[in-house]
Amino acid sequence: MTKHVLVETNDPGTKKFTLTVSGTVERVATIKPQAVYMHGRPGQTLESVITITPSEKYMFSILSMTQNPNSPVRATLQAPEEENGTWRVSIRVDSDREGNIFDNLVFKTDSAHKPQFRIRVAALFHKNS
């Protein structure tokens, strides 16, 4: 990865210069999907599954998952069946009314590299879905 940043200073000799930052970016985990977007009609139950697979180099465990306590989004975290496996999050949302429902799932881990991460969940209930 390489990024270029224009730096402005109060130095009369060098008012502006470009700073280049480069390095490798390593994936700590594979999260699929990275955000959940579901569409349906009022009265339907919408379901989705998220998988979280830590990379071999940066193994971690998920210590907790939190969300808005008043949210109609019901998320359940399931630990891997085998050591260093894939975590699963099952999501269910239902509503008898038209409207949009949003929530953020917040995960805390035992990783020094990724101690916390979020996954956004959106459920859109419309008669024409």
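A polar contact is taken here as a pair of N or O atoms within 3.5 Å; within protein, one atom must be able to donate a hydrogen and the other to accept it, and residues adjacent in sequence count only if both atoms are side-chain atoms. The structure is a predicted model, in which local features need pLDDT of at least 70 and side-chain atom pairs count only at pLDDT 80 or more, while totals for chains, interfaces and linings use all residues. Residues are numbered from 1 along each chain as its sequence is written, and side-chain values use heavy atoms, with hydrogens and water left out.

By the criterion given above, the side chain of Arg-92 makes a polar contact with the side chain of Glu-47, at 2.8 Å. Arg-92 belongs to strand 8, where strands (E, at least two residues) are DSSP runs numbered from the N terminus. Because its relative accessible area is 37%, Arg-92 is partly exposed; on this scale buried means under 20%, exposed means over 50%, and partly exposed lies in between (1.4 Å probe, protein chains only). Leaving aside residues up to four places away in sequence, Arg-92 touches Thr-45, Leu-46, Glu-47, Pro-72, Val-73 and Arg-74, a contact being heavy atoms within 4.5 Å. Val-25, by contrast, lies 67 residues from Arg-92 in sequence and 33 Å from it in space, C-alpha to C-alpha.

Strand 8 covers residues 87–94 and runs antiparallel to strand 5, to which eight bridges join it; two strands pair if DSSP finds at least two bridges between them. Within this pairing, Leu-46 stands opposite Val-93 and Thr-45 stands opposite Asp-94. Strand 8 has a covered face of Trp-87, Val-89, Ile-91 and Val-93, whereas Arg-88, Ser-90, Arg-92 and Asp-94 form its uncovered face. In strand 5 (residues 45–54), Leu-46, Ser-48, Ile-50, Ile-52 and Pro-54 make up the covered face, and Glu-47 is among the residues of the uncovered one. Strand 8 is also joined to strand 7 (residues 74–78), through five bridges in the antiparallel sense, with Arg-88 as the bridge partner of Gln-78.

Strand 5 leads on to strand 3, with which it pairs in the antiparallel sense over four bridges. Here Ala-29 stands opposite Pro-54, and Ala-29 is also one of the residues that line the largest pocket. A pocket is an open set of points on a 1 Å grid over the protein atoms alone, where a 1.4 Å probe fits, with protein on both sides within 12 Å along at least five of seven lines; lining residues have an atom within 4 Å of a point. The largest pocket holds about 190 Å³ of space. Strand 3 (29–32) and strand 10 (116–125) each supply at least two residues of its lining, and strand 10 gives the most, with three. By class, the lining comprises six nonpolar, one polar and three charged residues.

Strand 10 also contains Gln-116, which counts as partly exposed because its relative accessibility is 36%. Residues up to four places away in sequence aside, Gln-116 touches Val-106, Phe-107, Lys-108 and Thr-109. With Lys-108 there is a polar contact between the two side chains, at 3.2 Å. The C-alpha atoms of Gln-116 and Met-65 are separated by 9.7 Å, the two residues being 51 apart along the chain.

How values were computed. Grid points are joined across faces, edges and corners, and a volume is the space filled by probe spheres set on the points. Ala, Val, Leu, Ile, Met, Phe, Trp, Tyr, Cys and Pro count as nonpolar, Asp, Glu, Lys and Arg as charged, and the others, Gly among them, as polar.
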